[in-house]
Number of protein chains: 4
Amino acid sequence: MSLLICGATIIDGVGSKPIEGRAIWIEGGRIKAIGQRSEFASHPEAKIVNAQGQYAIPGLIDTNVHLVGTLFLDEFVRFEGRYEELIAEAAQVALKNGLTTVCDTWGPRQALIAVREKINAGTIPGSRILCAGNIIGLDGPFSENFFPKYLEVASSSFVQRVNSVYAETVGPELTWLPPDEVGRVVRSYTRSGVDFIKYASSEHRVPSGPSAYLTFSPAVQAVIVEEAHRAGLTAQAHSTSVEGLKAAIEAGCDIIQHGNLTGTVPIPGATLESFVKRKAACAVLAFSKRQQKVILEQGAPELRKSHSPAFMEASHQVNIRNLLSCGASLLLCTDSGYVSQEVMRDPAFEPIVGEDSLYALGSGHFQWFEAMQEHGMAPMEALKAATRNIAVALKKDKDLGSLEPGKVADLIILEKDPLQSASHYRSIGTVIKDGVVVDRSRLPLTPVMRGAAKP
Amino acid sequence: MSLLICGATIIDGVGSKPIEGRAIWIEGGRIKAIGQRSEFASHPEAKIVNAQGQYAIPGLIDTNVHLVGTLFLDEFVRFEGRYEELIAEAAQVALKNGLTTVCDTWGPRQALIAVREKINAGTIPGSRILCAGNIIGLDGPFSENFFPKYLEVASSSFVQRVNSVYAETVGPELTWLPPDEVGRVVRSYTRSGVDFIKYASSEHRVPSGPSAYLTFSPAVQAVIVEEAHRAGLTAQAHSTSVEGLKAAIEAGCDIIQHGNLTGTVPIPGATLESFVKRKAACAVLAFSKRQQKVILEQGAPELRKSHSPAFMEASHQVNIRNLLSCGASLLLCTDSGYVSQEVMRDPAFEPIVGEDSLYALGSGHFQWFEAMQEHGMAPMEALKAATRNIAVALKKDKDLGSLEPGKVADLIILEKDPLQSASHYRSIGTVIKDGVVVDRSRLPLTPVMRGAAKP
Amino acid sequence: MSLLICGATIIDGVGSKPIEGRAIWIEGGRIKAIGQRSEFASHPEAKIVNAQGQYAIPGLIDTNVHLVGTLFLDEFVRFEGRYEELIAEAAQVALKNGLTTVCDTWGPRQALIAVREKINAGTIPGSRILCAGNIIGLDGPFSENFFPKYLEVASSSFVQRVNSVYAETVGPELTWLPPDEVGRVVRSYTRSGVDFIKYASSEHRVPSGPSAYLTFSPAVQAVIVEEAHRAGLTAQAHSTSVEGLKAAIEAGCDIIQHGNLTGTVPIPGATLESFVKRKAACAVLAFSKRQQKVILEQGAPELRKSHSPAFMEASHQVNIRNLLSCGASLLLCTDSGYVSQEVMRDPAFEPIVGEDSLYALGSGHFQWFEAMQEHGMAPMEALKAATRNIAVALKKDKDLGSLEPGKVADLIILEKDPLQSASHYRSIGTVIKDGVVVDRSRLPLTPVMRGAAKP
Amino acid sequence: MSLLICGATIIDGVGSKPIEGRAIWIEGGRIKAIGQRSEFASHPEAKIVNAQGQYAIPGLIDTNVHLVGTLFLDEFVRFEGRYEELIAEAAQVALKNGLTTVCDTWGPRQALIAVREKINAGTIPGSRILCAGNIIGLDGPFSENFFPKYLEVASSSFVQRVNSVYAETVGPELTWLPPDEVGRVVRSYTRSGVDFIKYASSEHRVPSGPSAYLTFSPAVQAVIVEEAHRAGLTAQAHSTSVEGLKAAIEAGCDIIQHGNLTGTVPIPGATLESFVKRKAACAVLAFSKRQQKVILEQGAPELRKSHSPAFMEASHQVNIRNLLSCGASLLLCTDSGYVSQEVMRDPAFEPIVGEDSLYALGSGHFQWFEAMQEHGMAPMEALKAATRNIAVALKKDKDLGSLEPGKVADLIILEKDPLQSASHYRSIGTVIKDGVVVDRSRLPLTPVMRGAAKP
């Protein structure tokens, strides 16, 4: 099927300025050409999308989401064996909100791949999924890394079942091993169908606990990245500290997740410079001022402790300012999860994953644009951070990230100019993925997580 | 359909001696007559059950079971909305093991009634269910009364949902009210389809904690029993202390559950006498020596603490001895739950609900007979404690509890003489309920709780 | 030594009106006479207290204090073996603030008696102490009744040591016993030097938990009160529920502690009437509106849960209103503890025991007068509730509670009229105890609890 | 004062064989000469120690003890401000049992230095103390590193007070910093009077938890060691994993504490070799078979989990075997603490710190010799591991570790030959420190920790 998008101001994710007076010709799921509408007059069979006065931008990409966002223990049980349904639902909510591609950076690998394949085959609609499976070195949800209390009340067979679905062969036991043994295990994991590799450079916990340990030694980190690259995959690291960040960059990671989080200690200048030297992209987790305020004022004591004013200042204000000026490639990162209404409304969770929060999949990326605007990022840079920069960092820029002939036809038509105000990303008119107009009104097709609470 | 049971020694639950040389004539679900086989020769259409050399006894009744025996939090979630399946499964396991009637003394009322009706209508096989719904004054499972830790990790909507299914209108808030207000609430509950009323006289916790409080004042207890009787129902109390026991007897309860449990303090003589005076039956929870040993030697620290040697001595040895000699009507009580294989094999639970334990539904009643034999109960008294005494205490002796003309035809044919050894109750040859031979090999029909662990 | 108090308006705690133009003649620690100053002109040796324009009232009595108010575990250890010092310090803080007598209703008996004797002997200054030792039926501080978490981290020898100092022979194990056995133990305890007996009628926990159990059956309660009376002591009950209150009144208690606390259920009319019929006095725990607001707005989640608006409405507004109109004898009750600065400033404790809170010994009684004024208590009634009513309820009115010839000379001289405004109780000019002017500026003599935090 | 030790077989810690027929001449606290007794005949003023048939060995050194071994929270409070007394007591218990020098590797720096100076000045007797103060990177006792539960029940001022006494400026916050900033802080700490520096290479917790993180990156570790060496101090690392061990050796540490502990993963060959190449000594923590058995059979569940058979096999059997054959310098290490009787008898602690356990200061080193004998260490090597090897690793061999002229006169006279059986180290006849015979019968002078439990 052919599609002709007419009348829109085109912001292609590559050039420094919007393009006026051009139409986009889409065929076979890819952008065939961009040119004067008159050039395409000989194709009367094409479906015309009249985007007069609107803005065409590349489909958005989020580098860091969790399509399965179960938080309460009862949810883990209720949705056991139904991860594919949740993932499909989440991928559809993402697509509805303009994310044509999402990177799942911690989730149940097999279910993610199964849904990814269905979406790729066109069996169901949904955001394009790229997934890492487990964060190498971390355990499943029922562990000190995530929800230690759950261990005390669940049957051990359930705990083992769920943890093994997440951690598979690349769990915490790897942290005990020397580099070559870790390498062998990771090599095998690179062949398991994942799209990229993610490992933990610093430990996983709330972003400003009493201490910050390295999950893996730099030598082991280097081996993990090497194995990813040998398999033709990109590598990412989870990092929340200055030394974790440095180790991850030096290990050769392509993307550092939430690289701006370094507790209350700003990133040293030498490390800022190494982003550029080592060509590591920095996925930036950015709270808007509004969300910072909500967390600091309405958060539960634990949340306020881990998101202290000093943390907000160093990890959010100072680091983001310095990252903006150091020339690093910055990427959209929400770390958002697809959570239930119950979680959204729970007093403990509401300030952080409530409606329209950074961590809530579906709205988090809108928050991100608004936050980065507050931090002073140039509008065109913000757009590229959510499109082309990510495609490049993922080594997927042959296909994704920009509106250019030959690229996959993932694009959004906004009713308002995103370069004028970050809030305009919310004015989604049309989402096109793989050259097909998405029927947003139908998404998600079968709500399970956001469906009726009663089973 | 007619049934003629021939050749068996008949122990009818009424007389002091077995009856030899008689046949039992069953018709329309009831015992029509017991007589010489020759008397029934004119009924050639009857199905003949040849029980030569075997022993016919009334169907067994357990006064205290929990057909839904979920223990781990993940089980509560997994089986939410499937209580009817679990109850049916448990009722079939009970029936298979010779319990033709079970009294569910704490469970989800609506589901219990639904299954009870299906069994009564003959839609599915199963032990005859008599149920109380909630223990008046106690909360649902996620509370200080049962599993307080679960409150910390489950979503509040799940907690409220489950608790409200159990506690309904007769939960812990009643303990705050004066007698007349409790009475009004209980009156309404007596009309909810329950077969009997059960309330907490002393608090619910492990049987020998640091203190023993009264859940309800004697005045409130009297009102609760009065409301039950006014509605034509019998009343039971949960009791675990000397004062709880006295209050329950004085309130007019028909049955005191595990009345022998009074911590490390033996029941005073005056209270023993009041059983007879006030016509209160005592459901006796009795561990065999083997199980006492398993608990004391292999139990987890908490279990060993709550089942200390001093507790075993007072509540089991001394109290049971005195109850046997005081003339009280004693009843079979296992307090058994229908639990999963995972629970049975868990180190924390195994010593108490493992295979062939008192608290494991299906085997608990066999344990009970063996324990009471050890305590010196006369074989014929033990048999009556599990049949006719219970029927009388429940005011159901018009129909249940004995092999007499006119009674419902619930009976078991044992291959070995139960009066010779308590272990012979395990030698079940045939179970007949409502005059129909049960196909034990098919039970349970659809295992859910004991089915595959994976959903 | 003789003392002549001249010029003051005398509010004697007995009459319905203040007395003007009279002087109080004190000799040998007692009030010798009250009359025209000229009547006493022949005693030139007397020390003259010029109280012109001031107000003389009986020394205040608090029915419910805890002179040892340790809360954090480290305080319990730090002050182990130093209870006498803490008690002396607290008694001096109380005296400094106008309380010439305090009733310690839960504390370490031996240390309380030792300090009581020193104060009575005049060895050290301090409020007159009347003490109960343990609350019969409750355990020491490290138990489910008070601080269960502490059990997990302290050595068992320390736990046992502290608990045994508090609980002695009358701890929670009594709740397992029948009446006669409880009676025997209590009889012995009445001979241990305590001034009155206190037991738990309803369980001890935050004032509106999920359920409200009876600690002792009414039969046991009756025996406890009987033993107290037989020994010539008065009896008090801890009560926090409607049924607990009724049982305590019916058992014959002289004083019900915080009898107005009945959760969210107001006291039934019949129980209100029984106060008068059974001559039971009600010690009223009354929050001012200001403190209610602080609790509801700044309290930690747990505190807000246990002091919900519904609880405030029933237990404070409705019950106090009804108690005022039913004719019961009401008594000043703060339930205040002598706590450290660290506790006062801790976020979890500050809203409830911070400076100038009801529960903070030294200021709590001022709060109480202000709260009762808000509740509409007549000023003269409030004064009697803090003086003569208590003396009567304690059967100590032969000596205490009023300014009458023959009574012990405990009195306060206020600079402002307490009948005009409750806040005027704070305007303490002079405190006289046992006929001696207290040197308030020196109190407390040796601050330990409120001394330097470092040991 | 002069001392002449005659008749003993001398095992000097240097030579490969015992020396017979020589006497040791001590003067001015040092060994003046070793020779024929006849050579020293001209010194009649010397005190003669007749050691005929006995064995003179260098005073023993333990590389890893904790002189303050408080474990229960109440002990921490009770002994706050009394650390010096505990340290003196522990140093005296150590000396009594033949340890003339102990290295305190985690403790309150100021108190340790104060006692060290008193012992060095001869004011009080005691083992010579060398101390590190805090383990750099770890927090005080009330933290996730040691006793997290205590945080919940102690006042925050107490927690901060104790933690700051331990952690001072080199606590967990250093783990957040880049190398140069850590270097600056450590530089300052090297000037605080400590004898050596210890830092955490891998995280501190039970020896085989789910994961093994690095506390500091290798770059930070290198800076810490560099600062120690620049200040003329030796450096040690706490290590419990393969990667932690490698990082510590490569950072240039002089001693790796319990370097044989690497969870269930044996030390790789390359790392074994690096001990020799990098001249790092390995302090070996070695359980005897008896203690392994006690732990595995009687340990609490948590202890058994962290000391699993697989851990015992890898960290104890395999690693010690390989360390023995790789040529590394091995050192005596008990990691023992000076604990109370209450702790020794507590069910949770008894299997690990009970009487005569490796972790119990006073007996731990005897256990160690017996364990290493079981592991096949040559008797002479074991003796050097507890004497000269340690002196060399600490760069104190100019003074300590052997019986040679010019060395400090620290020696023990054993009644039985330690080269014949490891158990003979227990046969202490005489302890000489600084050339003075220790009056062992008086030690410890003033027992506080092991004194009466009541304060």
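## A salt bridge between chains B and A

B:Arg78 and A:Glu80 join their side chains in a salt bridge, with N and O 4.0 Å apart; the term denotes a side-chain nitrogen of Lys or Arg within 4 Å of a carboxyl oxygen of Asp or Glu. The count between chain B and chain A is six salt bridges. A network of salt bridges links A:Asp74, A:Arg78, A:Glu342, B:Glu80 and B:Arg161.

This is a predicted model, in which local features need pLDDT of at least 70 and side-chain atom pairs count only at pLDDT 80 or more, while totals for chains, interfaces and linings use all residues. Residues are numbered from 1 along each chain as its sequence is written, chains are lettered from A and ligands numbered from 1 in the order in which they are written, and side-chain values use heavy atoms, with hydrogens and water left out.

## The interface of chains B and A

Chain B and chain A each bring 19 residues to their contact, where contact means heavy atoms within 4.5 Å. About 1,700 Å² is buried between chain B and chain A, and carbon and sulfur atoms give 58% of that area; buried area is the accessible area (1.4 Å probe) that two parts lose on being put together, summed over both. On the side of chain B, the residues that lose the most area to chain A are B:Asp74, B:Val153 and B:Arg161, together 30% of what that side buries.

The interface of chain B and chain A holds 10 residue pairs in polar contact, both residues at pLDDT 80 or more. A polar contact is a pair of N or O atoms within 3.5 Å; within protein, one must be able to donate a hydrogen and the other to accept it, and residues adjacent in sequence count only if both atoms are side-chain atoms. Helix H1 (73-78) and helix H4 (156-167) of chain B each supply at least two residues of the side that touches chain A, and H1(B) gives the largest share, four residues. Helices (H or I, at least four residues) and strands (E, at least two) are DSSP runs, numbered from the N terminus. The side of chain B that touches chain A divides into nine nonpolar, two polar and eight charged residues. In this division Ala, Val, Leu, Ile, Met, Phe, Trp, Tyr, Cys and Pro count as nonpolar, Asp, Glu, Lys and Arg as charged, and the others, Gly among them, as polar.

## The interface of chains D and A

In the pairing of chain D with chain A, 34 residues of chain D are in contact with 34 residues of chain A. The area buried between these chains is about 2,600 Å², with 60% given by carbon and sulfur atoms.

Helix H6 (218-230) and helix H7 (242-250) of chain D each supply at least two residues of the side that touches chain A. That side of chain D comprises 17 nonpolar, 11 polar and six charged residues.

## Chains without contact

No contact joins chain A and chain C, whose closest C-alpha atoms lie 10 Å apart. Chain B and chain D do not touch either, and their nearest C-alpha atoms are 10 Å apart.

## Helix H4 of chain A

The buried residues of H4(A) are A:Phe158, A:Val159, A:Arg161, A:Val162, A:Asn163, A:Tyr166 and A:Ala167; buried means under 20% relative accessible area, exposed over 50%, and partly exposed in between (1.4 Å probe, protein chains only). Their cover includes helix H1 (73-78) and helix H2 (83-96) of chain A, together with H1 and helix H12 (341-345) of chain B. A:Glu168, with a positive phi near 45°, follows H4(A).

## Salt bridges within chains

Over all chains the count comes to 94 salt bridges. One of them joins B:Glu370 and B:Arg426 at 2.8 Å, N to O. B:Glu370 lies in helix H14 (residues 364-374) of chain B and B:Arg426 in the loop between strand S16 (411-414) and strand S17 (428-433), so the pair ties together parts that are 56 residues apart in sequence. B:Glu370 is buried, with a relative accessible area of 18%, whereas B:Arg426 is partly exposed at 33%.

In chain C, the side chains of C:Arg128 and C:Asp410 meet in a salt bridge at 2.4 Å, N to O. C:Arg128 belongs to strand S9 (residues 128-131) and C:Asp410 to the loop between helix H16 (388-393) and strand S16 (411-414) of chain C, so this pair ties together parts that are 282 residues apart in sequence. Both C:Arg128 and C:Asp410 are buried.
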